[in-house]
Amino acid sequence: MGEVRVSGPRYQQVAVDIAAKIASRQYQVGERIYARSLLSSAYAVSPETARRAVGVLADLGIVKANRGSGVEILSWERANQFLRQYEDVETLSGRRRKTLDHLSQLYQQAEELKKEVQGLVEYTEQFQWSNPLVPYEALVRKGSSCVGKSLRELNFWQNTGATVVAVRHADQLVLSPGPHQGLALGDTVYFVGNESSVQRVAHLLEAPAAEPQKE
């Protein structure tokens, strides 16, 4: 059996190392190995750690601990079986750790991407509000008092502080419209201005038309 990688508690590492030596026939069945006090010295662990390591192997029938006469080797086969089971557990545990690490990396990347997107959105909004050359658009909706009126009649610039750069009527785009350009239902008005201009344009275009007076 090849080398076994051990990453568990120290007593478990000692138990696996002893089992590996038994499986590789470094120890013969019936042979006695170091007493637990000597095992603690050989592996540089406390006597309690050595006792727990021997206890694991004894519980599995791999060795037998005889008080005062060392540890007797009982079975190569059970040592091999223990190592195979340990390797299976370690493989599963390693895959679990690897998967969790991968998920953690994906989460971290998602958080970083989220921050980048938020920063881009904030930058875009700031740029849009701060750059007067970026056109905004507003729709002339049903019921608006602007329907059928020209930009002059609406005093568009005086009331909003915005400059109309284009008007889309049906499939036609009128660039740099003059003051006599009329607005119809469904028209899209493109304009430039600051934040307050955007709010004023919205207020102007959304103002309801006056109801006809009854005679």
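Modeller: Helices here are DSSP runs of H or I with at least four residues, numbered from the N terminus. The model is predicted, and every value below is computed from it.

The part I take is helix α6, residues 195-206. Its length can be checked first.

Next is how α6 is covered. Its buried residues are Ser197, Val201, Leu204 and Leu205. Around the axis these residues cover an arc of only 90°, which means that they sit on the same side of α6. The other side of α6 has Gln199, His203 and Glu206, which are exposed. The cut-offs behind these words are under 20% relative accessible area for buried and over 50% for exposed. The cover over the buried residues of α6 includes strand β4 (136-139), helix α5 (156-160) and strand β7 (188-192).

Now the rest of the chain. The protein chain holds 6 helices and 7 strands, and from the N terminus on they run α-β-α-α-β-β-α-β-α-β-β-β-α. Of its 215 residues, 30% are buried. Contacts between residues at least 6 apart in sequence join residues at least 24 apart in 66% of cases. The chain exposes about 14700 Å², of which carbon and sulfur atoms supply 51%.

Salt bridges come next; a search of the whole structure finds 3. One joins Asp17 to Lys21, with the closest N and O atoms 3.5 Å apart. Both residues lie in helix α1 (residues 10-23), 4 residues apart, about one turn of the helix. Asp17 counts as partly exposed because its relative accessibility is 29%, and Lys21, at 24%, is also classed as partly exposed.

Since the two are 3 residues apart in helix α3 (residues 47-59), about one helical turn separates them. Arg51 has 40% relative accessibility and so counts as partly exposed; Glu48, at 40%, is partly exposed too.

Glu72 and Arg32 also form a salt bridge, with 3.9 Å between the closest N and O atoms. Glu72 lies in strand β3 (residues 70-73) and Arg32 in strand β1 (residues 32-33), so this pair ties together parts that are 40 residues apart in sequence. The 3.9 Å separation falls within the 4 Å cut-off that defines a salt bridge. Arg32 has a relative accessible area of 43%, so it is partly exposed.

The last item is a nonpolar surface patch. Leu100, Leu103 and Leu106 make this patch, which has an area of about 270 Å². Leu100 is placed in helix α4 (residues 76-130). Leu100 counts as partly exposed because its relative accessibility is 44%. That value is over the 30% that a residue needs to be part of a patch.

To return to the part in question, α6 has Ser197, Val201, Leu204 and Leu205 buried, and Gln199, His203 and Glu206 exposed on the other side.

Notes: Residues numbered from 1 in each chain as written. Predicted model: local features only at pLDDT ≥ 70, side-chain atom pairs only at ≥ 80, totals over all residues. Heavy atoms only, no water. Expected span 1.5 Å × (residues − 1). Buried < 20%, exposed > 50% of the residue type's maximum accessible area, 1.4 Å probe, protein only. Arc of directions from axis to C-beta. Contact = heavy atoms within 4.5 Å. Salt bridge = Lys/Arg side-chain N within 4 Å of Asp/Glu carboxyl O. Patch = residues over 30% accessible without salt bridge, like charges linked within 9 Å, V, L, I, M, F, W, Y side chains within 5 Å. Areas by Shrake-Rupley, 256 points an atom, 1.4 Å probe, with all protein chains shown as cover.
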